[in-house]
Structures are given as C-alpha cells and as structure tokens.
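I opened a page in my notebook for this structure and kept the entries in the order in which I looked things up.

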Amino acid sequence: MTDRHAARHGLDPRTIDRVFTAGVILKAIDGLLEVAGGILFAAVDPRTLNAAVRFLTANELSEDPGDVVANAIRRMSAHLTSDMAAFAAAYLVAHGVVKLLLAAGLIRRRMWAFPTALVVLGAFVVYQSYRFAIGPSLALAVLTVADLVVIWAVWREFRLMRQARPAAGVVKP
C-alpha cells in the first residue's frame, strides 16, 4: 500500500511509521526476554524450576483450582527434563539473538535486514498458524496478527527505502 493509498484508507503515514518502530522495538524486547529465558533454562536445574513454578502458582490455584494457565504451566514444568531444558535454552537464546540482530538492522535501516526480517517473520507466522491449527489459542492468534502487522510495516518501509535509493550505476545530469 502506498502512502497515497494509506491516506485514502484513513491511515496517516506517520502512524504507519510509528507502527513500524513500535513493532521493531517490541520484537527487540521479545528477543531480550527470550535470551534471558534461555539463560534461565540453562542455569536453573529443572527440579528447582518446577519448585519455583509450584510456589508461584500456588496462590492462584488456591483461589481457582481449575485455572487453565496455572495448571498448564505446572504440567509443563513437572515434565521438564535436563535434555528438554537444554533444548529450550539453546532454542530461546538462538531465537532471541536472531530477533535482536534483525531489530538492530531494521532500526538502523540496513537494507539486508528488511528481506531477512520478512522471511524470518513469515516463517514465524507459518509456524504459529500450524500451531494454531493443532490447538487454537487466543494468545497465539494475537501474536500472529501482530506479526502480520509488523510484516506489513517492514514491507512498506523496505519498499519506500528502495524507491528513495538512486538506481545503482545511474548518473544524474
């Protein structure tokens, strides 16, 4: 969508720029949280993590024993093995670092970051859609829609940057 089309649909180009910036910043924060979570999985014994989860969910479950989220978290932590924790640590750190690198490239307007971000975010959306098909979740639906909005904003910014760059090898009189 061009800025002219955006304006015709009631979208201010400055608002779209803010969506791009906010989306990239949120992806960077998400990346930082994933790296921190990965380090936590690597540093903390699964039994200690299970004990912490049981402690942190005890109050909620005393008020509502059927709490779906608290019970799901407890079940997951109860079945956590050292191998699973090592995999989760590696996955979260790698995933977080990729997001941080892409966010840094996008904020600095590095051309390589735009197509890379589109491919990576597109892969996230495909995977999230697959997970949603297996087990629908409101959180997963919201995350997927947010990723689609960020993809749109990245694509728009990339297109505008390509249009603004003079063609390579063209000499202006």
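Which residues make a nonpolar surface patch of about 470 Å²? I noted Ile 25, Leu 26, Ile 29, Leu 33 and Ile 107 as its members, in a model that is predicted, where local features need pLDDT of at least 70, side-chain atom pairs count only at pLDDT 80 or more, and totals for chains, interfaces and linings use all residues. Residues are numbered from 1 along each chain as its sequence is written, and side-chain values use heavy atoms, with hydrogens and water left out.

Areas come from the Shrake-Rupley method with a 1.4 Å probe, and for residues only the protein chains shown count as cover.

I then saw that helix 2 (residues 13-43) gives the most to this patch, with four residues. Ile 29 is found in helix 2 and is partly exposed, with a relative accessible area of 41%, where partly exposed lies between buried (under 20%) and exposed (over 50%), with a 1.4 Å probe and protein chains only.

Turning to the whole chain, I recorded seven helices and zero strands, taken as DSSP runs (H or I of at least four residues for helices, E of at least two for strands) numbered from the N terminus. Buried residues make up 32% of the 173 residues, and the accessible surface comes to about 11200 Å², of which 70% belongs to carbon and sulfur atoms.

Technical notes. Patch = residues over 30% accessible without salt bridge, like charges linked within 9 Å, V, L, I, M, F, W, Y side chains within 5 Å. Salt bridge = Lys/Arg side-chain N within 4 Å of Asp/Glu carboxyl O.
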